[in-house]
Amino acid sequence: MDRRNNRRDTEGCSVVTANRLLDGRIVWLDAQGKWQLSIAHACLFPNDGMEDVLRSQNARAGADYVVGVYGVQVEQTAHGTTPRTTRERIRADGPSVHAEFTPSWQPAPAAVSGS
């Protein structure tokens, strides 16, 4: 069972996420079975088949150098694939910290201009 999403809808889609073992970066599984840094490249899986997908990916986790593999329910919006929960939107969009503390591998957020 997917520990993080035990109330998954039977309809809809999910993506698979994990953390890269080397540096802890959040990664998303693409259609070729490779781990990508952006949710935009994530493969959509029907919710009714997620348990099999997660079982397979958890079995491969060590070989793929990832940990914490789990599914994230998503919706297709005008902005692309969007996680349904706030926690996962934060993970997908990157660090939610002041630009001064943004890791060097993450682009600094664009400045918001005042009106």
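The side chains of Arg87 and Glu88 meet in a salt bridge, with N and O 2.7 Å apart. A salt bridge here is a side-chain nitrogen of Lys or Arg within 4 Å of a carboxyl oxygen of Asp or Glu. The model is predicted, so local features need pLDDT of at least 70 and side-chain atom pairs count only at pLDDT 80 or more, while totals for chains, interfaces and linings use all residues. Residues are numbered from 1 along each chain as its sequence is written, and side-chain values use heavy atoms, with hydrogens and water left out.

Arg87 is partly exposed, at 42% relative accessible area. Glu88 is buried, at 6%. Buried means under 20% relative accessible area, exposed means over 50%, and partly exposed lies in between (1.4 Å probe, protein chains only).

The structure holds six salt bridges. Side chains of opposite charge can pair when their charged atoms come close. Another such bridge links the side chains of Arg55 and Asp52, at 2.7 Å from N to O. These residues are three apart in helix 1, so about one helical turn separates Arg55 from Asp52. Arg55 is exposed, with a relative accessible area of 53%. Asp52 is also exposed, at 52%. A further bridge joins Glu75 to Arg84, with the closest N and O atoms 3.6 Å apart. Glu75 is partly exposed, at 40% relative accessibility. Arg84 falls in the partly exposed class as well, at 37%.

The overall fold can now be set out. The protein chain has two helices and six strands. Along the sequence, these elements follow the pattern β-β-β-β-α-β-β-α. Helices (H or I, at least four residues) and strands (E, at least two) are DSSP runs, numbered from the N terminus. Of the 115 residues in the chain, 35% are buried. Contacts were counted between residues at least 6 apart in sequence, and 55% of these join residues at least 24 apart. Contact means heavy atoms within 4.5 Å. The chain exposes about 7600 Å², and carbon and sulfur atoms supply 52% of that area. Accessible areas come from the Shrake-Rupley method with a 1.4 Å probe; for residues, only the protein chains shown count as cover.

Strand 1 covers residues 13-20 and includes Ser14. Ser14 is buried, with a relative accessible area of 0%. The side chain of Ser14 makes a polar contact with the side chain of Asn47, at 2.5 Å. A polar contact is a pair of N or O atoms within 3.5 Å; within protein, one must be able to donate a hydrogen and the other to accept it, and residues adjacent in sequence count only if both atoms are side-chain atoms.

The structure holds zero disulfides. A disulfide is a covalent bond between the sulfur atoms of two cysteines. The cut-off used is a pair of cysteine sulfur atoms within 2.5 Å. The sulfur of Cys13 lies 9.2 Å from the closest cysteine sulfur, that of Cys43, which is too far for a bond. Cys43 is likewise in no disulfide, and the nearest cysteine sulfur to it belongs to Cys13. Cys13 is partly exposed, with a relative accessible area of 29%.

On the surface, Leu21, Tyr65 and Val67 form a nonpolar patch with about 320 Å² of accessible area together. Patches are made of residues with over 30% relative accessible area and no salt bridge: like charges are joined within 9 Å, and nonpolar side chains (Val, Leu, Ile, Met, Phe, Trp, Tyr) within 5 Å. Val67 sits in strand 5, residues 66-77. Val67 is partly exposed, at 40% relative accessibility. Tyr65 lies in the loop between helix 1 (50-64) and strand 5. Tyr65 is exposed, at 56%. The phi of Tyr65 is near 60 degrees, a positive value in a residue other than glycine. Most residues other than glycine have a negative phi.

Thr85 is partly exposed, at 41% relative accessibility. Thr85 and Val72 are 13 residues apart in sequence; from C-alpha to C-alpha they are 8.5 Å apart in space.
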